[in-house]
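Hi,

Here is the structure I promised to pass on to you. Have a look at it first, and then read my notes below.

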Amino acid sequence: MSDPIADFRAKSGASDQNITDLKVFLDMLTETNAVMNLVGPDSLPDFWNRHAWDSAQLLSLEPDALTWADLGAGAGFPGVVLAIMLKGREGAHVWLIDSLGKRCRFLQTVVDALDLPATVINGRAEEQQVKVEIVTARAVAAMEKLLGYAQPYFQRGAKGLFLKGEKAEAELKDAAGVWHFEAGLSVSRSDPRGRIVSVGSLRRVR
């Protein structure tokens, strides 16, 4: 039987400090999830693949990117994992943006406990003035709506990397009626049913 932590370390290149931080994050998530629905409780036993590796794989697609915005950050995927993996790299910073106050309070507790290079913002994603290299999100909205949330970040020079499910291709077709964009699809390395949507330029259809 494989060791999920060893598997994660091998795939992600995580350091001992990364693993330690992720274990603390898992403990905090498990404790908080018992009183507030952050993730499906049945997903926690598969934390290292379904949540940690699912998030960390984005760094292999943009290894030089230091500044990220996670829209609808929720329980901290992918944003908290990215901040943990980027911790200690000069210039690295992740903005964790969520409209729900209680989720932001949880995220702030994690950021403080682990001394992460991250800022928690309680507000609507599309209203923030953050400038980043990569804008990301997981399980927030269908692509048409998600691109609307992300548009201000694209206007400030960001590229998009979005974690999506099996309907990603259909969502992109729907979004093409509202947006002009360049997009690529790759298979998620954490689950062959998942997709990572990379988006370049973005503008609304006239």
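Helix α3 passes α4 in a right-handed crossing, meaning that the near helix is turned clockwise from the far one by less than a right angle. Helices here are DSSP runs (H or I, at least four residues), and strands are runs of E with at least two, numbered from the N terminus. The model is predicted, so local features need pLDDT of at least 70 and side-chain atom pairs count only at pLDDT 80 or more, while totals for chains, interfaces and linings use all residues. Residues are numbered from 1 along each chain as its sequence is written, and side-chain values use heavy atoms, with hydrogens and water left out.

The contact (heavy atoms within 4.5 Å) is made by His51, Ala52, Ser55, Ala56, Leu58 and Leu59 of α3 and by Val81, Leu82, Met85 and Leu86 of α4. By class, eight of these residues are nonpolar, two are polar and none is charged.

Let's zoom in on one of them. Is Ser55 buried or exposed? With 0% relative accessibility, Ser55 is buried (under 20% relative accessible area; exposed is over 50%, and partly exposed lies in between, with a 1.4 Å probe and protein chains only). Leaving aside residues up to four places away in sequence, Ser55 touches Phe77, Pro78, Val81, Leu82 and Leu163.

You will find Ala139 in the loop between β4 (134–138) and α6 (143–155). Its C-alpha atom is 9.2 Å from that of Gly74, although the two residues are 65 residues apart along the chain.

Enjoy exploring!

How values were computed
Ala, Val, Leu, Ile, Met, Phe, Trp, Tyr, Cys and Pro count as nonpolar, Asp, Glu, Lys and Arg as charged, and the others, Gly among them, as polar.
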